[in-house]
Amino acid sequence: MMAQGGPLEPAVAPLMEAAPIAVSAGRNRVAWLVSHRFSRRWGASRAILFGGGGLAAMCLLCIAVPLLWAYKPDAMSALALQGPSSAHPFGTDELGRDVMARAFDAGRLDISVALFVVAVSSIVGTAIGSGVALTAQRWIDPVVMRLVDALIAFPYLVILLLLVTVIGPGRHLGFLPSGLPAILISFVCLDWTFYSRLARGQAMSLRDREYVLAARLAGFSNTRILVRHIIPIVFRQILAYAVLDAIVTMGALASFSFLGVGVQPPTAEWGNMMFDAQSYISTAPWMLIGPAVLLAVTGLSLSVLADGLLAKGAGDRR
Amino acid sequence: MNRRPSVLAGPAARDLARKVAQAVSVMLLVSITVFFAMRLIPGNPAKDVLGNKATPVAVAALDQRLGLDRPLIAQFWSFLKGVPTLSFGNSLVEEGVSVRHIIFDGLGVTALVVTASTAMSLVVGVPLGLWAALARRQQVVSHSVQSVAVVLLAAPPFLIGLLLIFAFSVKLGLFPVGGWGKGLGSDLSHLALPAVALSGYLIPLVIRTVRQAALDASRELYVEASIARGISSRSIMYKQILPNSLLPLITLIGLNVGTLISGAIVIEAIFALPGLGTALYQAVNALNYTVIEGCAIIAAFSVVIANLSADALYILVDPRVRRQA
Amino acid sequence: MLQDVSFSIANGECLALVGETGSGKTMTTRVITGLVGRSGGRVVNGSVVFDGLSLVDAPAATWKQVRGRRIALVPQSSLASLNPVIKVGNQLRETIKALNPHLETRKRSIELLEMVRLPKAADVMRLYPHELSGGMRQRVMIALALAGDPELLIADEATTALDTTIQRGILDLISELRSTSGLAVLFVTHDLGLVRRFTDSVAVMYAGTVVESGPTATVLEHASHPYTRALLASIPSVERRDAPLLPVPGLCPAPHERGAGCGFAPRCNQAEARCHEQRPVLEVERGEHSVSCWLAVTK
């Protein structure tokens with residue numbers, strides 16, 4: 001009788017702990033910076049709680065405020081460029097729109113796009129990376145990984161700009177705001193590489209475990225082993241990095257819109273809003289502060305959450 | 001005792017040669033990718049440039065001038081020939097301006113921004129990193145330095161840039177809001193805020209790397225042996241710990257050039273600097289394909305060359321790697 | 001964790017500190033050289049007095065005077081104790097400069113290397129640590145230790161990693177240095193055979209405590225502590241070729257595993273009830289044989 005499976009939580013190879021800088025290239029800067037500061041002081045679980053809580057609170061606000069607030073995000077009025085007041089806590093912009101409502105509305109877009117991109121890329125990347133690690137065809141590994149390395153080495157904004165150009169920055173698709181499809185496709189096309197590298201490393205350390213060998217001997221196909229055993233475990237490890245990636249993606253999205261190649265106005269988006277705010281920076285600085293603060297707070301929550309997840313992952317491994 | 005073999009003969013040299021070959025092949029791959037990416041764009045570039053009202057005759061004429069009616073292979077070959085000399089033809093938007101001209105105009109500014117922010121990051125980050133590693137009340141200092149780092153991290157560079165503009169240019173009037181200056185002094189004052197904004201991204205990385213390297217170095221047995229021999233801690237710091245802490249920075253910077261360039265693109269947009277990044281995104285907005293090609297290739301090549309240089313420098317500097325015999 | 005460690009060394013005397021791995025020998029040396037704080041340890045109780053100077057929690061100024069100049073350490077691993085990317089000569093010169101700023105470093109380095117009998121000293125100076133053989137490196141460590149003309153040399157397992165022939169060479173060298181300059185030596189080792197030949201007195205450590213000490217000849221001839229006796233019995237010897245080797249069963253306990261009584265009690269084949277409950281006391285007198293064992297005391 002073959003022994004049943006392996007331990008419940010097999011210790012996976014440390015996610016490239018030993019040589020942090022050797023791995024990070026291009027946009028993975030964020031991953032190696034989170035240094036367990038929050039979680040070291042207050043514990044990993046609290047970090048997850050705070051970070052996740054902050055994120056959840058932000059999401060809630062982004063949905064609730066545009067719906068429930070007295071002033072709708074797109075409602076223009078004659079009260080342009082008013083400073084913060086009790087009616088308009090973040091002031092109004094050049095078209096008289098309430099900055100707070102707009103900022104939260106923008107948050108809805110930014111956060112959901114970031115989460116979507118990260119979700120899709122991480123799943124695709126993990127699948128590909130793990131698949132490459134486990135495949136019987138030896139030639140697949142070097143080819144795919146060279147491609148991945150080449151993509152990662154690029155300045156990512158440059159590649160993204162290229163991709164966006166190819167797809168067509170002005171396009172819109174159905175209910176998606178103008179410019180979004182190009183962004184979504186380009187981001188996902190580039191982002192999966194990050195995860196595939198991580199996943200490959202993890203999967204490789206797992207594939208020689210006994211329970212994998214046992215499964216193979218028992219005749220399970222590679223795909224089944226992959227899906228049922230390897231990917232779930234790898235994914236758990238990668239979750240922390242996915243959260244970090246969300247921060248970077250949000251930043252990239254905002255940057256792109258700022259540059260004019262992302263989401264087009266009048267859709268509310270943090271980058272867009274900040275671009276508009278630039279022209280009025282001396283007369284109406286609140287136009288900048290609103291979206292900036294929301295962006296920073298969201299980023300910080302994600303950062304703390306990732307911190308906690310990383311620390312938790314390290315703890316589990318012991 | 002034999003004379004030690006020179007660096008050029010050893011295994012390190014072979015390693016380096018291999019890396020050079022790799023870099024060249026990556027650059028080739030990049031060129032191919034960019035070329036085909038541009039050709040994949042749906043629609044007709046000539047038509048885009050001339051606008052919707054263009055007559056078919058005009059479009060065909062422009063096509064011919066741009067060489068777009070030739071077979072793909074021919075186009076590719078002439079493109080490839082142009083790459084080493086960076087001749088990508090002329091800008092589609094500005095009459096008679098060669099892409100190379102645009103690139104070189106912009107390259108200087110971008111390179112300056114990237115270099116300045118790197119230098120700034122090092123100047124600020126290295127002492128902070130060392131301090132965090134070796135401070136007497138280690139925990140407190142280490143904690144606070146790194147907390148700052150986490151906060152800095154959460155903000156994308158362009159956010160920092162915008163806030164800086166707000167604080168220093170608008171409110172305090174210390175620096176110009178944007179644009180570029182004439183002559184060196186003016187250049188520097190225009191460079192200051194952009195460099196600071198971009199360094200916001202690199203500084204936390206530098207701090208972390210230096211801190212870790214310094215901690216590792218101070219835990220080495222030979223450092224303890226030096227202390228036991230009576231060598232002063234200052235001497236140990238400067239001669240043993242500091243060099244070891246600086247070495248990983250070479251790799252760090254090499255690896256991050258790509259992201260720095262990305263960040264520079266956005267920073268240039270915010271501060272209205274006439275650099276490569278501005279050229280690129282303006283070209284994207286105007287569908288100026290030749291310029292896009294040129295900028296993309298230059299950016300990618302810069303990253304490859306930077307990585308290669310970092311590798312080479314590392315090999316040269318670290319005697320342990322040199323003597324892998 | 002050290003407890004009840006007491007010994008003293010006179011001018012020119014060579015004291016051997018003997019014990020298994022984990023008995024606390026290296027930690028003792030670290031306390032003496034003031035390095036115990038680096039890894040988070042500290043002295044809770046007791047004193048370390050060097051020529052009238054108290055070394056426990058001494059200020060940095062004291063250590064500046066003492067380290068290298070009066071007390072020198074030859075660490076255990078010569079390879080790990082030398083900076084791998086700096087040439088041996090430069091490390092030597094740096095040490096000399098730190099201890100004797102007015103000396104001509106290059107000349108003095110060559111002198112030191114010749115003192116430790118390294119041939120072609122000038123060539124050796126140009127090498128990196130990993131380019132030397134183990135024996136040569138150990139001599140360099142000794143040269144480094146002698147750079148400040150110390151009064152006390154602490155040799156921490158200085159010969160453990162070397163072949164016996166080379167070991168002999170190093171030990172002869174140390175003996176020679178002792179006779180020419182009156183150097184006192186604290187010789188840390190786990191090799192009793194060497195102790196017999198080269199040392200004046202010995203202190204045997206077990207589980208962080210000195211269990212027996214006294215003049216070498218006395219202790220080795222008339223070992224009283226069961227541990228010492230067992231150690232001696234386990235040395236292979238030409239005279240007793242045919243007798244079986246008697247290892248001491250069990251392992252030295254880690255600090256957190258030690259019980260209330262005598263540290264050796266769990267492994268001792270003569271242990272009584274009292275041994276397990278109470279720590280025996282060591283009384284050390286100059287030149288006299290002291291034992292920390294209830295059984296010996298009753299004699």
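This is a predicted model: local features need pLDDT of at least 70, side-chain atom pairs count only at pLDDT 80 or more; totals for chains, interfaces and linings use all residues.

Residues are numbered from 1 along each chain as its sequence is written, chains are lettered from A and ligands numbered from 1 in the order in which they are written, and side-chain values use heavy atoms, with hydrogens and water left out.

Chain C contains 12 helices and nine strands, taken as DSSP runs numbered from the N terminus (helices H or I, at least four residues; strands E, at least two). Seven strands of chain C make up an open sheet of mixed pairing, in the order 4-5-6-1-7-8-9; two strands pair if DSSP finds at least two bridges between them. Strand 5 (residues 152-156) and strand 6 (residues 184-189) of chain C run parallel, joined by five bridges.

Next, the cores. A nonpolar core is a set of buried Ala, Val, Leu, Ile, Met, Phe, Trp, Tyr and Cys residues joined through side-chain atoms within 4.5 Å, where buried means under 20% relative accessible area (1.4 Å probe, protein chains only). The largest has 185 residues, and A:Phe256, A:Trp270, A:Met274 and B:Phe158 touch the most other members. Helix 10 (residues 222-259) of chain A gives the largest share, 19 residues. A second, separate core of 40 residues includes C:Val74 and C:Leu183.

Definitions and conventions:
Buried means under 20% relative accessible area, exposed over 50%, partly exposed in between (1.4 Å probe, protein chains only).
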